[in-house]
Amino acid sequence: MEPNYSFIFAQISNLRMPYKPAIYLFIFLFCQFRALAQDFHPPLNIPLVLSGNFGEIRSNHFHSGLDIKTQGRIGLPVFCITDGTVARVKVSPYGYGKALYINHPNGQTSVYAHLNSFSPEIEAWIEDQQYAQKSYDINTFPPAGKFVFKKGDEIGKSGNSGSSGGPHLHFEIRDTKTERPINPLKYPFKIADNKAPSIYGLSVYALDDKSHVNNTHYANFSMGGSYGNYSLKPGETISAHGNIGFALHTIDRLDAANNKCGVYKVTLSAGNDILYQFEIDELDFSTNRYMNAHIDYRNYKKYRKHYHRLYTVENNPLDIYNIRKRNGALQCIGEGEIPIKITVEDVAGNASTLEFTVQCTAQPSTRIIEANPNQQWVDCKKPFEWKSDIASVAIPSSCLYLSEYMDFKSSTDNNGLPVLTVGDETYGAQKSYTLRLKIPETLMPKANKIHLGKVAANGRAYPDNPGEVHGAWFEAKNREFGTYTLLVDTLNPYIKPLSFYPGKEVRNGNSLRFRIKDSGSGIQEYNMYIDDQWVLASYDYRTGALTHIFDTERIKPGKHVLRVEILDKVGNLESYSGTFTSY
Ligand SMILES: [Zn+2]
């Protein structure tokens, strides 16, 4: 029930002076608290323990929700956090797996992903949609009001579907209009956190040729001090000249679990001057990949360490920075000491600090930056092209996050195949760039079976991208860098029956299960048919299981022919068929 504010205010106005400010303040705070304390039902009815939080650094993105542990189990009931109507239902072998999006009258959408199943009425409806579209993958928007849930209603069961590494519930709150995910820890979901963030390391970068840190371009320091209160190790000092930037290896842990989570807020001060502040209240899917610009991408790719840059590089339009004075760079001009303080906070307000001083030296850099003969300077603000007789590369502007030297070279291997190097995997790409490789004469008869191979450190090439053939050239769009060559896939996919054999007697609810695989270009399409009619089969790419649950509502008793068809990315088609009898 809404309190009658005008009545309350009228009563306060009648009070004598000394109490009034205090009471107004109390009411103001009470209203603030009400605004935030949306009385959401928890999405699970077990204690909420997180294996991942909002803003945590993941591959090519900041994590957009909470990963809530389900005690290693699937099939726990999942609850609607507040009254709402189902706006979207998505099913895919990848990504969010089975996911439900519910719109609420407060202008927010809640998202529940990696589900094992939806509520029975949604399950039945989505299956009809899958049959109508002849596809297991589906992304549908039910009419408003078709599926309505009250706060606390069960919307489905938790699972491990899609790109999930173990049973858990991925839960998000979004602004319905903008679809921007909001940090759910801003709401009182009763997720205990009394641990301060951990700080593991500090990197310092000279930001241009005339600058240096400890007489070089980069220095890394491990941490001394104690939990919550960090410092450089005894004897470690930082001297610098010119423009330098910092990056901090930091993570947070919550109570009740040891999982590494992301930090919420990082503030960098030089003396009394705040140079930079990062705070992760909201995200935007259209820019979320720029997480690669926020972190030290090279360090992440090499060592999986989460170094947050405390300055911003050239190509970083993220709006998660409250303050960026001189893009967060520290200016060391003249001689003297600058006291630096870095504070890291979590949403619950636990904080850790790192304090040290930078000794400024008058001496400019004497570093000489020498590029190797294969290296080219790539200005990230301009398009860049490189070519040889057998390969070419076209990188659009704003593809790289910062301007850098990159390796470009091409050669021919022992089998006469072109090999192209474009930097290496420690260079991040926001957009796709185009690479082209000349197809050798001998391969032209199999040109339509060519796909891109990525050459690993062990020298072997692994399937990467189907690409396209244009005359004597193979062309692919790519968002990773490294060494590439051509691969040929002339083999059909592989189909192995697991719970099916010709002549099998099948009853309602029996599962007809196959293992499917393609070790060349990869699986593009999978379909099952009974008597030439498409039937629903779920695919789990992690195990290769393709499963049809036999349904007597759809297939009448009698003799039938089951057919499985698997198509790979260069068009090789394998099929399997067998007869069975249903009862
Ligand atoms: Zn997640």
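How many aromatic pairs does the structure hold? The structure holds 23 aromatic pairs, where rings of Phe, Tyr and Trp (its six-membered ring) pair if their centres lie within 6.5 Å. Before these pairs are examined, the basis of the model and its overall layout are set out.

The structure is a predicted model, in which local features need pLDDT of at least 70 and side-chain atom pairs count only at pLDDT 80 or more, while totals for chains, interfaces and linings use all residues. Residues are numbered from 1 along each chain as its sequence is written, and side-chain values use heavy atoms, with hydrogens and water left out.

The C-alpha atoms of the chain fill a box of roughly 85 × 80 × 35 Å along the principal axes. The chain contains five helices and 46 strands; helices (H or I, at least four residues) and strands (E, at least two) are DSSP runs, numbered from the N terminus. Of the 583 residues in the chain, 50% are buried. Here buried means under 20% relative accessible area, exposed means over 50%, and partly exposed lies in between, with a 1.4 Å probe and protein chains only.

The chain is divided into domain 1 (5-34), domain 2 (50-186), domain 3 (198-360), domain 4 (375-488) and domain 5 (494-582). These bounds come from an automatic or database domain assignment. Taken over C-alpha atoms, the centres of domain 2 and domain 4 are separated by 37 Å.

An unreviewed UniProt entry lists residues 62-121 and 150-184 under "domain: M23ase beta-sheet core". UniProt positions are given in the numbering used here, feature names are shortened, and annotations may be inferred rather than shown by experiment. Over residues 62-121 the model has 3% helix and 53% strand, with the end C-alpha atoms 34 Å apart. Over residues 150-184 the values are 0% helix and 40% strand, and the end C-alpha atoms lie 20 Å apart.

Two sheets may be followed next. Strands of a sheet pair through backbone hydrogen bonds, either parallel or antiparallel. In this description, two strands pair if DSSP finds at least two bridges between them. Ile523 has Asp568 as its bridge partner in E45.

Another open sheet, of four strands, has the order E38-E40-E44-E43 and antiparallel pairing. Strand E38 (494-497) and strand E43 (538-540) form its edges, each pairing on one side only. From one strand to the next, the twist averages 25°. Three bridges join E43 to strand E44 (residues 545-549), and Tyr539 stands opposite Leu546 in E44.

The discussion now returns to the 23 aromatic pairs. The ring centres of Tyr205 and Tyr311 are 5.7 Å apart and their planes meet at 55°, so the pair is tilted; planes under 30 degrees apart count as stacked, over 60 as edge-to-face and the rest as tilted. This pair links distant parts of the chain, 106 residues apart: Tyr205 is in strand E15 (residues 198-206), and Tyr311 is in the loop between strand E22 (307-309) and strand E23 (321-324). Tyr205 is buried at 11% relative accessibility, and Tyr311 is buried at 8%.

The rings of Trp377 and Tyr405 have their centres 4.9 Å apart and their planes at 70°, so this pair is edge-to-face. Trp377 lies in strand E27 (residues 375-378) and Tyr405 in strand E30 (residues 404-412), so the pair ties together parts that are 28 residues apart in sequence. Trp377 is partly exposed, with a relative accessible area of 47%, and Tyr405 is partly exposed at 31%. Elsewhere, Phe40, Tyr112, Phe171, Tyr187 and Phe189 form one aromatic cluster.

Finally, the cysteines may be considered. A search of the whole structure finds zero disulfides, a disulfide being a pair of cysteine sulfur atoms within 2.5 Å. The sulfur of Cys332 has its closest cysteine sulfur in Cys360, at 3.3 Å, too far for a bond. Cys332 is buried at 1% relative accessibility, and Cys80 is buried with a relative accessible area of 0%.

Note on methods. Axes are lines fitted to C-alpha atoms, for helices over the stretch in contact, and angles run from 0 to 180 degrees between N-to-C directions.
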